Amino acid sequence: MDAPDTPAPREKLIASKQAWARDGRLITGHADESYERRLPPGQRLVRDWPVLDLGIQPDVTKLKFRLDVDGAVEHPLSLNLDEFMALPATHSVSDMHCVTAWSRYDNRWEGVAARTLLDLVRPKPGTNHVIFHSHDGYTTNVRLEQFDQPDVLLVYRWEGEPISREHGGPVRVLIPRLFLWKSAKWVRRIELRASDKPGFWETRGYHNNADPWLEERYG
Ligand SMILES: Nc1nc2c(c(=O)[nH]1)N[C@H]1C(S)=C(S)[C@@H](COP(=O)(O)O)O[C@H]1N2
Ligand SMILES: [Mo]
């Protein structure tokens with residue numbers, strides 16, 4: 001894939017996060033009784049919005065922007081920024097949960113619903129997985145049923161402002177009911193597949209499913 005802005009990731013940061021995964025840091029073991037709560041087990045509320053990345057924040061200019069939605073679909077899409085922004089807009093309010101134990105409530109989003117894209121590309125029968133590819137070389141994977149939810153958006157506004165570069169602007173994925181590492185920033189390509197393909201953190205000790213209420217942090 002194309003990742004023209006990609007120098008080496010911050011190896012130390014990655015190594016320490018991998019060590020957390022190995023040690024099971026932040027696991028409380030109380031997932032079951034907490035399932036009904038708004039704040040997932042082991043999480044604490046923050047009011048700011050922390051920035052987490054691999055030490056690269058690609059500058060996705062209008063000229064560099066392209067979104068491909070392809071793979072096991074009837075009608076592959078390849079959109080420039082104007083074409084993407086012309087798709088119907090969806091507004092939502094949702095919470096964010098990061099595996100590093102912060103959660104932030106009531107984020108107001110605007111973007112294009114995952115279901116709008118799925119209606120356009122039409123996944124072929126037997127398509128069960130979605131892989132996100134980003135401009136910094138990051139990848140992450142979810143099951144199609146996790147992407148195909150009404151609250152999943154490709155967002156371009158947060159709290160009325162354009163998504164900043166550090167948070168993955170101009171367009172990032174938002175899957176609010178999974179840990180935030182599943183929400184690819186600077187998204188470049190959405191690949192639909194019959195088979196799964198674990199992404200950057202999933203191959204470094206993070207859980208494949210990433211449900212915060214089940215404490216699916218590592219594994
Ligand atoms: N392209 C890309 N997307 C990414 C990441 C990344 O390094 N590159 N980091 C992930 C992780 S580990 C987290 S916790 C969230 C952080 O998003 P934020 O910086 O907007 O809080 O982005 C996720 N999406
Ligand atoms: Mo993260």
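**Rings, cores and a sheet**

Start with Phe 132: this residue is buried, at 0% relative accessibility ("buried" is under 20% relative accessible area, "exposed" over 50% and "partly exposed" in between, using a 1.4 Å probe and protein chains only). The model is predicted, so local features need pLDDT of at least 70 and side-chain atom pairs count only at pLDDT 80 or more, while totals for chains, interfaces and linings use all residues. Residues are numbered from 1 along each chain as its sequence is written, chains are lettered from A and ligands numbered from 1 in the order in which they are written, and side-chain values use heavy atoms, leaving out hydrogens and water.

**Aromatic rings**

- Searching the whole structure turns up eleven aromatic pairs (Phe, Tyr and Trp rings, the six-membered one for Trp, with centres within 6.5 Å; planes under 30 degrees apart are stacked, over 60 edge-to-face, the rest tilted).
- Trp 49 and Trp 158 make a tilted pair, because their ring centres are 4.8 Å apart and their planes sit at 50°.
- That pair ties together parts 109 residues apart in sequence, because Trp 49 is in the loop between β1 (44–45) and β2 (67–71) and Trp 158 is in strand β8 (residues 153–158) (helices are DSSP runs of H or I with at least four residues, strands are E runs of at least two, numbered from the N terminus).
- Trp 49 is buried, at 10% relative accessible area.
- Phe 132 also pairs up, edge-to-face with Phe 147, at 5.5 Å centre to centre and 65° between the planes.
- Here strand β6 (residues 129–134) supplies Phe 132 and helix α4 (residues 144–147) supplies Phe 147, so the pair ties together parts 15 residues apart in sequence.
- Phe 147 is buried too, with a relative accessible area of 1%.
- One aromatic cluster brings together Tyr 138, Phe 179, Trp 181, Phe 200, Trp 201, Tyr 206 and Tyr 218.

**Charges over rings**

- Arg 38 lies over the face of Tyr 105, 3.8 Å from the ring centre (the rule: NZ of Lys or CZ of Arg within 6 Å of the centre and within 35 degrees of the ring normal).
- Arg 204 does likewise with Phe 200, at 3.7 Å from the ring centre.

**Nonpolar cores**

- The largest nonpolar core has 32 residues, and those with the most contacts inside it include Phe 132, Phe 147, Phe 84 and Leu 154 (a core is a set of buried Ala, Val, Leu, Ile, Met, Phe, Trp, Tyr and Cys joined through side-chain atoms within 4.5 Å).
- Elements giving two or more residues to this core include β2, α3 (114–121), β6, α4 and β8.
- Its largest share, four residues, comes from α3.
- Leaving aside residues up to four places away in sequence, Phe 84 touches Phe 65, Leu 67, Leu 79, Val 112, Leu 154, Tyr 156 and Val 171 (contact means heavy atoms within 4.5 Å).
- A second, separate core has twelve residues, among them Leu 54, Trp 181, Phe 200 and Tyr 218.

**Helix α3**

- Its buried residues are Ala 114, Thr 116, Leu 117, Leu 118 and Val 121.
- Their cover includes β2, β3, β5 (102–113), α4, β8 and β11.
- Just after α3, Arg 122 has a positive phi of about 55°.

**The sheet**

- Five strands form an open sheet in the order β3-β2-β11-β6-β7, with mixed pairing (strands pair if DSSP finds at least two bridges between them).
- β3 and β7 (139–143) are the edge strands, each pairing on one side only.
- β6 and β11 run antiparallel, joined by six bridges.
- Ser 134 stands opposite Val 187 in β11.
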